[in-house]
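Dear colleague,

Please find below the structure that I am handing over to you, followed by a written account of what was found in it.

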Amino acid sequence: MSSLQISNARILRQGKLIGTNILVADGRIRSLTRHDDLNVDRTIDAKGRIVLPGLVDGHAHLYDPEFTYREDFTSGTIAAAAGGVTTVVEMILTTPVDSPDRVQEKIEEGRRSSIIDFSLHAGMMNTGNLPNIPAIAKLGVRSFKTFTCKPYYADDHTLKSLMRETSMNRSILDVHAEDEDVANENLKKLQAEGRKDPLAHSEWKPNLAEERAVKKLIQMAQGIGARVHISHLSTREAVAAIRKAKRGGVKITCETCPHYLTFTRKDMKKQGPYLKMNPSLKGPRDVDALWRGLRTGTVDIVTSEHAPGTRDEKEPGWTDIWKAWGGVPAIETMLPVLLSEGVNKNRLTLATLERACCENPAKIFGFYPRKGVLQEGADADLVIVDLKMKRKVKAAKLHQKVGWTPYEGWTLKGWPILTMRRGQILYKENEILGKPDGAEFLPMNI
Ligand SMILES: [Zn+2]
C-alpha cells in the first residue's frame, strides 16, 4: 500500500479556504486532517497553496486516430495534465463513434494512450444509428452528440426521437446548437457578396442562430422530459433562455469555453483565422453574460472544447476564411485563463471555478463523487495551484501539439504547479512525469 501526504494545503469548504493535510493511500483520498501522518511513504509540501480537485473537461477533441498530426490521446492528455485536468470526456470529430464496436475500440485506444482517466461522448447521432443507443449506453457511454446544423444536421423529428431514446436509456443528448435556416440564409447572402474575410464567418451564424436553436431544444426537452446538454454556449440570448428554462424545471445544462470568455469577434482583426471556431466569437455583452451566467449557475460548466488545427490549416483563412480550420487549442490553458481572467480579476470566485470545472462536470457526466471533489474516498485527483504566479504564455513551452495558442504573449496570473491522478504525480513544475499506463475508462453513472 503506497501512501503520501500533501501537507500545508488550502482547500475550499463551503466557499471558504481552510488549511488541511491530504492523506492519500492507494490512489484515493484517505482523509483530510490537520494532523501529520508520520508513517506515510512520501510528503509533498503545498506551502499553503490552494489545492483543487483535478479538473474534469467535459468536451475535448483529441483526434485519435484520425488527425494525430493535430493531437493524439497521449499528447492531448499530457497537455491536459500540465493544465490541471485529470479527467477528459473525449468528443468525436469526423470518425463516428456510434456503435458498440466503435465505442469499444475507442475505449481501448484511451486505455493504451491516455495519461489521465477518460470517458467518451458517442455520435454523431442521427436516425441511422439511433437504434445503437441502448447497447452503447450499456457500455457506460451515456452522452450522445448531435447537431441542429450542418455538417451533422438532425431535423426536428430526429432530435425528438433522439431525446426520447436517450431519456429511456438514462443518457444525455449533447447538442451543438445553431439554427440551420439562419445559417443558410446568411451563407447565401455572404456568398453573393463574395465575402471571404475573417468576419464573414461570424456573420454566417450570428447570435440569432444560437438563440433559435437553444429555444427550440428547450421546448422539445420540456415536452419530452429529456436531459439535454448544450455544447459551447456563446451568446447572451442563449444564457437568458436557459436561465428561464431552468427556473421552469427543464432538465437542461450547458457549457461555455475559455475562448468565449476571453475573446470577441473584434480580436479576429488581429488573429484572423486563428480565432475561427464554431460557434464563432461574439461581442463584449455576450462575454459579460457568460461570466455572469457562470457566477449565477445558469452556465453549469466550462469545457476546453480543445479543437486545435495546425498553422497550415489556419493560414489560408487570411484570404479565404471558409478554407481555414475552425477550432483552437485550449486544454492546457483553460485553468490558467480562468484563474487569471476569472478569479484574479474578480469575475469568478474560486468556489465557482471549482464548481464549474470539477464538481458540476463530474455530476453531469456521472463521475461524482469519485471525481470532481476532494473528500474521503474520492480518487486522489488534484491540482496544486499558485494563484500569484505570473507567467507569459508561450506556445513553445506548452505541450499541445500544434505549437500555437491564441493566448501567445498574454501574462496570466495563476498557474497549476502540480497535477496528480489517483495519487500519481503526472506533472510537476514544468515537468511531465505521467506515462500512458493505467488510464481508466470512466463509465457514466447517470
Ligand atoms: Zn466540439
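**Residue D72 and its surroundings**

The side chain of D72 makes a polar contact with the backbone nitrogen of T74 at 2.9 Å; a polar contact here is a pair of N or O atoms within 3.5 Å, where, within protein, one must be able to donate a hydrogen and the other to accept it, and residues adjacent in sequence count only if both atoms are side-chain atoms. This is a predicted model, in which local features need pLDDT of at least 70 and side-chain atom pairs count only at pLDDT 80 or more, while totals for chains, interfaces and linings use all residues. Residues are numbered from 1 along each chain as its sequence is written, and side-chain values use heavy atoms, with hydrogens and water left out.

A polar atom of the D72 side chain also lies 2.7 Å from the backbone nitrogen of S75. D72 itself is found in the loop between β6 (55-60) and α1 (73-82); helices (H or I, at least four residues) and strands (E, at least two) are DSSP runs, numbered from the N terminus. D72 counts as buried because its relative accessibility is 16%, buried meaning under 20% relative accessible area, exposed over 50%, and partly exposed in between (1.4 Å probe, protein chains only). Not counting residues up to four places away in sequence, D72 is in contact (heavy atoms within 4.5 Å) with L62, D64, T77 and K401.

**Strand β6 and the zinc site**

In β6, 6 of its 6 residues are buried. This strand runs parallel to β7 (residues 85-90), to which 4 bridges join it; two strands pair if DSSP finds at least two bridges between them. Within this pairing, L55 stands opposite V85.

Which residues coordinate the zinc ion? They are H59 (NE2), H61 (NE2) and E305 (OE), at 1.9 to 2.1 Å. Donors are N, O and S atoms within 2.8 Å of the metal (3.2 Å for Na, K and Ca), and sites may look incomplete because water is not among the atoms. The spacing of the donor residues in sequence is H-x1-H-x243-E. H59 is buried, with a relative accessible area of 1%, and H61 is buried as well, at 6%.

**The sheet and the nonpolar cores**

Strands β10 (residues 172-176) and β11 (residues 228-230) are paired in the parallel sense over 3 bridges, and H229 in β11 is the bridge partner of D174.

The largest nonpolar core has 103 residues, of which L52, V214, I230, L233 and L353 touch the most other members. A nonpolar core is a set of buried Ala, Val, Leu, Ile, Met, Phe, Trp, Tyr and Cys residues joined through side-chain atoms within 4.5 Å. A second, separate core of 18 residues includes I29, V51, L382 and I425. Leaving aside neighbours within four places in sequence, the contacts of I230 include V175, V214, I252 and C254.

**Cysteines**

How many disulfides are there? The count comes to 0, a disulfide being a pair of cysteine sulfur atoms within 2.5 Å. For C149, the nearest cysteine sulfur is that of C257, 15 Å away. For C254, the nearest cysteine sulfur is also that of C257, 10 Å away. C149 counts as buried at 1% relative accessibility, and C254 counts as buried at 0%.

V343 lies in helix α13 (residues 334-343), where 10 of the 10 residues are buried. V343 counts as buried because its relative accessibility is 12%.

R10, in strand β1 (residues 3-13), counts as partly exposed because its relative accessibility is 35%. A polar atom of the R10 side chain lies 2.7 Å from the backbone oxygen of G48. Among the residues that R10 touches, not counting those up to four places away in sequence, are L17, R49 and V51. R10 and F263 are 253 residues apart in sequence and 32 Å apart in space, C-alpha to C-alpha.

With kind regards
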